[in-house]
Amino acid sequence: KEYRKDLEEGMKGKGMTVFEDTPDLIRVKNAAQILNERQYKKDLETEIKGKGMEVGPDTPEIRRAKKASEIASMKEYKKDLENEIKGKGMEVSTDTLDIQRAKKASEIVSQVSTQLITLRLLWNIFQKMYKDEAEKMLCNYSAVPDTPEMARIRSIQKNISSV
C-alpha cells in the first residue's frame, strides 16, 4: 500500500513520459504474455489439430526410412559379430550340467536301442525255432478227432497264449 501511495504521489502531475518497470507493469506484461500463450494454444487446438499432415505407412519416404533403418541395424549387427565373435571361437565347457545330461541321455538311448535290436533278433530266432519244433512234432503225432472238449481246450489255450 505504501509503495502504491508513493508511486501515485511521485507520478501525479509529472505525466507518464517515462515507463519504469514497476511490479504492476511487470505483472501486466506477464498477464498479457500468458493470455497470448493461451490464445495461441486455443488457436492450435481449434485450427491446426486434426488438420495436420497425415503420413501414411506406405509412402515412399517412410519406406525409404525403414529400409535405411534396416540397413543400419544390419551393419551394426555385422560389426558386432566381427568384433565380438569372430576369432574367439565358441568355447563350450564339458563340465556344464546340460552337457553332462545330454551325454548321459545319449548313452542311455544308445544302450536302449542296442538292447531293442538284440531283443528283436532273439525274438526272431525263438520264433523260427518254435516253428521248426512245431513242424517236427507234427510229423510224430497223428490227428485226434475234433471233439467239443478238444475245441474248448484249444480255445482256452489260444486265450492263455494271447494273454
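The model under discussion is a predicted one.

Met-129 belongs to a nonpolar patch on the surface, together with Ile-108, Val-112, Leu-116, Leu-119, Leu-122, Ile-125 and Phe-126. The accessible area of these residues, taken together, is about 740 Å².

## Overall architecture

The protein chain contains 5 helices and 0 strands. Read from the N terminus, the order of its elements is α-α-α-α-α. Among these elements are helix α1, covering residues 2-11, and helix α2, covering residues 23-48.

Of the 163 residues in the protein chain, 1% are buried. The chain presents an accessible surface of about 16,100 Å². Carbon and sulfur atoms account for 59% of that surface.

Across the whole structure, a search identifies 5 salt bridges. One of them joins Arg-101 to Asp-98, with 3.0 Å between the closest N and O atoms. Are the two partners buried or exposed? Arg-101 is exposed because its relative accessible area is 53%, and the value of 56% for Asp-98 makes that residue exposed as well. The cut-off that applies here is a relative accessible area over 50%.

A salt bridge also links Lys-128 with Asp-132, where the closest N and O atoms are 3.8 Å apart. The assignment rests on a limit of 4 Å between the side-chain nitrogen and the carboxyl oxygen. Lys-128 and Asp-132 are 4 residues apart in helix α4, which again means a separation of about one helical turn. With a relative accessible area of 54%, Lys-128 is exposed. Asp-132, by contrast, has a value of 31% and is therefore partly exposed.

## The network around Asp-24

Which residues are linked with Asp-24 in a network of salt bridges? The network consists of Arg-4, Asp-24 and Arg-27. Within it, Asp-24 pairs with Arg-27 at a distance of 2.8 Å between the closest N and O atoms.

Asp-24 and Arg-27 are both located in helix α2, at a spacing of 3 residues, or about one turn of the helix. Asp-24 is partly exposed because its relative accessibility is 27%. Arg-27 likewise counts as partly exposed, its relative accessible area being 49%. Both assignments follow from the range used for this class, which lies between the limit of under 20% for buried residues and that of over 50% for exposed residues.

## Negative charge at the surface

Glu-2, Asp-6, Glu-8 and Glu-9 come together on the surface as a patch of negative charge. One of these residues, Glu-8, is found in helix α1. Its relative accessibility of 48% means that Glu-8 is partly exposed.

Conventions
Residues are numbered from 1 along each chain as its sequence is written. This is a predicted model: local features need pLDDT of at least 70, side-chain atom pairs count only at pLDDT 80 or more; totals for chains, interfaces and linings use all residues. Side-chain values use heavy atoms; hydrogens and water are left out. Helices (H or I, at least four residues) and strands (E, at least two) are DSSP runs, numbered from the N terminus. Buried means under 20% relative accessible area, exposed over 50%, partly exposed in between (1.4 Å probe, protein chains only). Patches are made of residues with over 30% relative accessible area and no salt bridge: like charges are joined within 9 Å, nonpolar side chains (Val, Leu, Ile, Met, Phe, Trp, Tyr) within 5 Å. Accessible areas come from the Shrake-Rupley method with a 1.4 Å probe; for residues, only the protein chains shown count as cover. Lys and Arg count as positive and Asp and Glu as negative; His and the chain ends are not counted. The place of a charge is taken as NZ of Lys, CZ of Arg, CG of Asp or CD of Glu.
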